[in-house]
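User: I would like to learn how to read the features of a structure, one at a time. Can you take me through this one?

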Amino acid sequence: ATRDLSDCTLYTSAYPCPMCLSATIWANIKEVRYGNTPKEADRIGFRDDFIYKFIQEGSKDQHVLKITQTGHDQSIETFKNYVEDSTHEIY
């Protein structure tokens with residue numbers, strides 16, 4: 001199995017939503033071909049622009065989403081295991 005899809009092209013029905021765009025970048029996909037625009041997605045009720053704005057502003061609006069770090073000592077072990085199972089370096 002590979003985590004690197006840099007030799008792949010993603011075909012999608014619309015410009016990638018924030019979640020799909022993040023997954024695409026993490027997978028190292030270098031090309032996306034899409035059919036429908038973000039404005040068209042907005043017309044049918046998708047909130048992509050709202051999410052992009054939240055991210056651009058530093059994800060600090062706690063009325064939208066409260067984000068708090070907790071359990072670092074336990075969760076860092078997951079990263080250490082990931083490094084042991086791959087060629088990635090931590091930090």
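**Reading the features**

Analyst: Leaving aside residues up to four places away in sequence, threonine 24 touches Leu10, Ile29 and Val32. Keep in mind that this is a predicted model.

User: Is threonine 24 buried or exposed? And where does threonine 24 lie?

Analyst: Under 20% relative accessible area means buried. Threonine 24 has 6%, so it is buried. It lies in helix α1, residues 18-26.

User: What lies 2.7 Å from a polar atom of the side chain of threonine 24?

Analyst: The backbone oxygen of cysteine 20.

User: Now the cysteines. How many disulfides does the count give?

Analyst: A disulfide is a covalent bond between the sulfur atoms of two cysteines. Here the count comes to zero. Cysteine 8 is in no disulfide, and its nearest cysteine sulfur, that of cysteine 20, is 16 Å away. Cysteine 8 is partly exposed, at 32% relative accessible area.

User: Which residues does aspartate 48 touch?

Analyst: Not counting residues up to four places away in sequence, aspartate 48 touches Tyr15, Cys17 and Pro18. Aspartate 48 is found in helix α3, residues 48-56. Its relative accessibility is 12%, so it counts as buried.

User: How do I compare distance in sequence with distance in space?

Analyst: Take aspartate 48 and asparagine 36. They are twelve residues apart in sequence and 13 Å apart in space, C-alpha to C-alpha.

User: Next, backbone angles. What is the phi of asparagine 28?

Analyst: Most residues other than glycine have a negative phi. Asparagine 28 has a positive one, near 65°. It is found in the loop between α1 and β2. At 30% relative accessibility, asparagine 28 counts as partly exposed.

User: And what is the phi of serine 59?

Analyst: About 55°, again positive in a residue that is not a glycine. Serine 59 lies in the loop between α3 and α4. Its relative accessible area is 25%, so it is partly exposed.

User: On to charges. How many salt bridges are there?

Analyst: Side chains of opposite charge can pair when their charged atoms come close. The count here comes to two salt bridges. In one, the side chains of arginine 33 and glutamate 31 meet at 2.7 Å, N to O. Arginine 33 is partly exposed, at 43%. Glutamate 31 is partly exposed too, at 32%.

User: How far apart are the closest N and O atoms of lysine 80 and glutamate 77?

Analyst: They are 3.6 Å apart, and the two residues form a salt bridge. The cut-off is 4 Å, so this pair qualifies. Both residues lie in helix α4, three residues apart, about one turn of the helix. Lysine 80 is partly exposed at 39%, and glutamate 77 at 38%.

User: Last, the surface. Which residues form a nonpolar patch?

Analyst: Phe50, Ile51, Ile55, Val64, Leu65 and Ile67 form it, with about 520 Å² of accessible area together. Take valine 64 as an example. Its place is in the loop between α3 and α4. At 36% relative accessibility, valine 64 counts as partly exposed.

Technical notes
Residues are numbered from 1 along each chain as its sequence is written. This is a predicted model: local features need pLDDT of at least 70, side-chain atom pairs count only at pLDDT 80 or more; totals for chains, interfaces and linings use all residues. Side-chain values use heavy atoms; hydrogens and water are left out. Helices (H or I, at least four residues) and strands (E, at least two) are DSSP runs, numbered from the N terminus. Buried means under 20% relative accessible area, exposed over 50%, partly exposed in between (1.4 Å probe, protein chains only). Contact means heavy atoms within 4.5 Å. A polar contact is a pair of N or O atoms within 3.5 Å; within protein, one must be able to donate a hydrogen and the other to accept it, and residues adjacent in sequence count only if both atoms are side-chain atoms. A disulfide is a pair of cysteine sulfur atoms within 2.5 Å. Patches are made of residues with over 30% relative accessible area and no salt bridge: like charges are joined within 9 Å, nonpolar side chains (Val, Leu, Ile, Met, Phe, Trp, Tyr) within 5 Å. Accessible areas come from the Shrake-Rupley method with a 1.4 Å probe; for residues, only the protein chains shown count as cover.
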